[in-house]
Every structure is written in structure tokens, then in C-alpha cells.
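Student: I have a model open and would like to learn how to read it. Could you walk me through its features?

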Amino acid sequence: MENIKAVIFDLDGVICSTDEQHYQGWQALADRLGIPFSREVNNRFRGVSRMACMDILEEIGGKHYTDEEKVEYATWKNDYYRELLGEMSPKDLSEEVKSTLDELRARGYLLTIGSSSKNTRYILQRLGLEGYFDAISDGTNIVKSKPDPEVFLKSADFLSMPYENCLVVEDAISGVEAAHAAGMKAAAVGDAAENNVGDYILESFSDLLRLLPGRNNDLNE
Ligand code: BG6
Ligand code: MG
């Protein structure tokens with residue numbers, strides 16, 4: 001861990017629990033389309049881009065939609081999801097997450113976001129974290145979804161940080177795979193941790209403070 005200088009956080013399911021609102025949005029769309037859906041199936045959607053989720057939903061339902069239909073359905077889900085996000089406020093940012101982020105920053109780490117979501121900046125704004133991170137790489141600046149490493153590589157590039165100096169924090173199995181494809185180690189929470197995927201399994205977000213000691217000796221580098 002001595003070589004870690006930047007921490008790249010996934011957003012949904014790591015910084016905040018928007019994974020629940022995502023689930024509700026997809027469940028509502030699946031109900032509308034008559035496709036069986038569940039929380040277990042929703043785990044396959046973690047880390048995956050909106051349109052790639054739509055492809056999986058189509059496959060699960062054994063349906064064949066046109067590209068126009070897929071865009072219409074994914075937009076319907078996103079509108080539903082955004083309604084739910086509108087109810088979010090800084091109260092939805094857990095004290096544990098905020099104090100851990102603040103302490104990591106005080107210890108000298110750069111903190112960035114690496115999320116597939118095109119709603120990233122809106123969510124950060126709802127949580128009162130607008131302008132907090134040193135860089136943001138999200139669904140608006142990538143063409144390939146996790147498990148492709150693009151989103152994490154871009155996050156490191158935005159900081160001009162060598163990839164091996166970055167640690168990824170993820171809740172998605174696809175996200176851990178993306179970190180490894182980027183040549184980065186991954187600390188797992190949530191679904192990824194439950195599946196024992198990742199280089200470090202965090203029982204709780206604040207376990208990061210045990211993994212990442214102070215970097216104050218480096219401040220004069
Ligand atoms: C990821 C979520 O962070 O963002 C996925 O884990 C989601 O479930 C993806 O599909 C895309 O999100 P959005 O907000 O662009 O629809
Ligand atoms: Mg996630």
C-alpha cells in the first residue's frame with residue numbers, strides 16, 4: 001500500500017446507496033415490459049452502463065427491441081430514477097463515508113471518482129459533494145463500460161497519476177475486474193465483498209483508514 005497516492009471511488013453503492021434507486025427504476029421498467037426481475041438479477045447491472053443494462057434486460061426477457069425502443073425504455077427508466085434522486089440531500093451522505101474521505105485527504109491522498117453513471121455530477125451535487133473530488137471520470141467521458149478499465153484509466157490520467165499508484169474502491173464485480181484490467185488493486189465493499197472478489201475486503205467503508213496510512217512524509221517530494 002506504500003505506493004498508493006490516489007484513491008478512485010466508484011459512486012453508486014460505494015459513496016452512496018443509489019444502487020437501491022437504480023434497482024427500483026429497473027424493476028419498474030421490467031414490470032412495464034412484463035420481464036421477470038429481482039434484486040439478484042439487478043446485481044448484474046452493477047457498474048454496467050445504462051444501455052448495456054438495457055441489453056441485459058432484453059436478454060433476460062427473451063425480447064428483441066429496436067435501437068429506438070431500447071433508447072426509449074432506458075430513458076423512461078432514467079426519468080423514473082432521476083425522480084427518486086430528486087429526494088436525495090446531504091443527509092443521505094453517511095457520516096462514516098464523509099469522515100473517512102476527509103481523513104484520507106488529510107493523510108495526503110488524492111481522491112477521485114470512477115463511475116459508469118452519466119448522473120454522477122447530479123448525484124454529487126445532491127449529496128453536497130460538488131467540487132469535493134480532485135477529478136471525476138464518469139459515464140460522460142467513456143465509451144466502454146466496466147469491466148473495461150477505461151473509466152479508471154481516465155480518472156488516473158486526469159491526475160497525471162501512474163496507474164499502479166491508484167487504489168480502486170468498488171461494490172461491483174465488473175468494477176473489480178475493471179480495476180485489475182487497469183493494473184490497479186481493488187478494495188471491495190457490498191456485493192463484491194460478499195462475493196469475495198477484490199484484493200482487500202472491507203467490512204465497512206472506514207476500514208480504508210486501516211489500509212491507507214498517512215502520506216505526510218511524501219509532502220516534500
Ligand atoms: C453505475 C451503476 O454506477 O452506473 C449501474 O452501478 C448503472 O447500475 C450505471 O447502470 C449507469 O448509470 P446511469 O446513471 O448513467 O444510468
Ligand atoms: Mg457501484
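Tutor: Helices (H or I, at least four residues) and strands (E, at least two) are DSSP runs, numbered from the N terminus. Keep in mind that this is a predicted model, where local features need pLDDT of at least 70, side-chain atom pairs count only at pLDDT 80 or more, and totals for chains, interfaces and linings use all residues. Residues are numbered from 1 along each chain as its sequence is written, chains are lettered from A and ligands numbered from 1 in the order in which they are written, and side-chain values use heavy atoms, with hydrogens and water left out.

Student: Where does serine 160 lie, and what is its phi?

Tutor: Most residues other than glycine have a negative phi, and most peptide bonds are trans. Serine 160, in the loop between α7 and β4, has a positive phi near 55 degrees. Another case is the cis peptide bond from lysine 146 to proline 147, with omega near 20 degrees; proline 147 sits in the loop between β3 (135-137) and α7 (150-159).

Student: Which residues coordinate the magnesium ion (ligand 2)?

Tutor: Donors are N, O and S atoms within 2.8 Å of the metal (3.2 Å for Na, K and Ca); water is not among the atoms, so sites may look incomplete. Here Asp10 (OD), Asp12 (O) and Asp171 (OD) coordinate the magnesium ion at 2.0 to 2.1 Å. Aspartate 12 is in the loop between β1 (6-9) and α1 (19-33), and aspartate 171 in the loop between β4 (166-170) and α8 (173-181), so this pair ties together parts 159 residues apart in sequence.

Student: Which polar side-chain atom lies 2.7 Å from an oxygen atom of ligand 1?

Tutor: A polar contact is a pair of N or O atoms within 3.5 Å; within protein, one must be able to donate a hydrogen and the other to accept it, and residues adjacent in sequence count only if both atoms are side-chain atoms. One such atom belongs to asparagine 119. Ligand 1 also has an oxygen atom 2.7 Å from a side-chain N or O atom of arginine 50, and one 2.7 Å from a polar backbone atom of lysine 118.
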